[in-house]
Amino acid sequence: MSKLKIDTVSRVFPGVRGGAPTRALEPTSIAVEDNDFITILGPSGCGKSTLLRIVAGLDQPTTGNVLLDGQPVREPGPDRGMVFQSYTLFPWLTVRENICFGLREKGVAEKQQAETAARFIEQVGLKGFENHYPKQLSGGMQQRTALARALANDPKILLLDEPFGALDNQTRALMQELLLGIWEKARKTVLFVTHDIDEAIFMANRVLVMTARPGRVKCDIAIDLPHPRHYTVKTTPEFAAYKARLTEEIRVESIRAAQDEH
Amino acid sequence: MFEPLKPVPPGRRTALGILFFVLFLGLWAAVTYGGIVPPLFLADPLKAAQAGISLFTEYGFAGDVGVTIWRVVGGFVIAAVFAVPLGILMGAFKGVEAFFEPFISFARYLPASAFIPLLILWAGVGEAQKLAVILIGSFFQIVLMVAVIVGGSRMDLVEASKTLGAKRSGIVLRVLLPGASPQIAETLRLVLGWAWTYVIVAELIGAQSGIGHMIMDSQRLLDTGQMIFGIVVIGLIGLVSDFLFKQANARLYPWYFLK
């Protein structure tokens, strides 16, 4: 049985003030296996974030349903950890307190909270910043904290909605290595939404390409690069071949998306 | 100095602030000592200061000041204790807001001072009536402003908390409330300033003590020095309470004041 089953999920947003309804997502089915690292690649506005929000339970599908370990998803829950593109750390909590947020909601004993927090602070390289407030951190550090906050809950699946989208290129590359390193060790099941082709190939074992709006999965490409992956993999011929193929796939959609705007 | 939005060095900032007080005092001295305004209408600065000293030494003015502070703080605290939770509930739950908001928006425009004759009828001229004036003046304002602050909470933080397992009470108590607290505290600071204007109005009518009562008494004796001193004291107390409130906020919510 698949870890996560997205079964003919579609989403139509009702029209605003008598306008035509927007078809954001065509009926989409995806099976995510345990330990999969899947990246969903698509042009902006293709409904990939909508799909992720439906999996998280933050949005309801118009048709179809989502099953996690066979159980239907109806509302958000700590079994699906999420990292957003925007900075969503609680500004009144320190790094450590942010990471402990989910554990506290769960009623975990304070001593155990502190131990878990220390472990993830170490993992994302934020030692020495435990007592900083989010405003005192760089964008990359904030997203590392957000990642640690989601991981501390020990979710069944990690949902990442362009988490590095607002970061500069160098920081973004380091964050990709960090996340990949964590995945290689912990083997979490990951669903990662991005519009960056390099990012999609580098981290994934499967890349799903989505079409322009209304979005649907256009192709499902297995990325057969060995682990552990070093950043130098990005300059290998194999990587370049994947990149050439995905560039073609995504380019057609980007052109369509751009034309639809007129 | 007139570069838009350009910061001013702290030393010059203080100097400019003091300069205004000096100019104000200078103007006051000029019109009184220069004979432009007769002493009957406006006492000169020295007379006002002397009147102030005699108020404290001969007429027990400290007692009046104490009574007025007690009334302001008492009425304000009672208002805040009920208004803040109601405002939070209204901000968090749209149904609660729909129920209360129209009435409170209406009640907010009822001038507290207009209730004084009615309140005297109901509660007499004792302390209950003074507190009630401040309560009416502060309560509705606090409710509405707190509701707007909480209602404007960041949706992305609420969603993040849901994906971390927060349920209804967790969202209200550990996301909406801490996020809105610094602004709620700022609102309370603002409304406390308004409470001072209500208390003086309440004390002008049917009071036996308080700063407002002293000002009213001085008018009967045409003692503009005492009246001016009374007004200045109100301003000074307002300044001090505002300063203390700001300090407390900065200490309670360090994260909010980070640059």
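Residues are numbered from 1 along each chain as its sequence is written, and chains are lettered from A and ligands numbered from 1 in the order in which they are written. Because the model is predicted, local features need pLDDT of at least 70 and side-chain atom pairs count only at pLDDT 80 or more, while totals for chains, interfaces and linings use all residues.

The C-alpha atoms of chain B fill a box of roughly 70 × 55 × 30 Å, taken along the principal axes. Of its 259 residues, 36% count as buried; a residue is buried if 20 or more other C-beta atoms lie within 10 Å of its own, exposed if 12 or fewer, and partly exposed in between, with C-beta atoms placed from the backbone. Two residues are in contact if their C-beta atoms, placed in that way, lie within 7 Å. Among contacts in chain B between residues at least 6 apart in sequence, 72% join residues at least 24 apart.

Chain A contains a sheet. Six of its strands form an open sheet in the order 6-7-8-3-9-10, with mixed pairing; two strands pair if DSSP finds at least two bridges between them. Strand 6 (80-83) and strand 10 (217-222) of chain A are the edge strands, each pairing on one side only. Neighbouring strands of this sheet are turned by 15° against each other on average, direction ignored. Within the sheet, strand 7 (residues 157-161) and strand 8 (residues 189-194) of chain A run parallel and are joined by five bridges. Asp161(A) stands opposite Val193(A) in strand 8 of chain A. Helix 4 (residues 139-152) of chain A lies across strand 6 and strand 7 of chain A, running at about 175° to strand 6; axes are lines fitted to C-alpha atoms, for helices over the stretch in contact, and angles run from 0 to 180 degrees between N-to-C directions.

Chain A is also divided into domain 1 (4-79 + 157-261) and domain 2 (89-154), with bounds that come from an automatic or database domain assignment. The C-alpha centres of these two domains lie 25 Å apart. Their contact takes eleven residues from domain 1 of chain A and eleven residues from domain 2 of chain A. On the domain 1 side, helix 5 (residues 169-186) of chain A gives the most, with five residues.

The largest nonpolar core has 130 residues; such a core is a set of buried Ala, Val, Leu, Ile, Met, Phe, Trp, Tyr and Cys residues joined through C-beta atoms within 7 Å. Helix 6 (residues 127-151) of chain B gives the most to this core, with 16 residues. Domain 1 and domain 2 of chain A both give residues to the core, so it lies between them. Ile134(B) is among the residues with the most contacts inside the core. Leaving aside neighbours within four places in sequence, its contacts include Arg71(B), Phe76(B) and Tyr198(B).

Finally, the chains meet where 14 residues of chain B are in contact with 23 residues of chain A. Helix 7 of chain B supplies the largest share of the chain B side, six residues.

Technical notes:
Helices (H or I, at least four residues) and strands (E, at least two) are DSSP runs, numbered from the N terminus.
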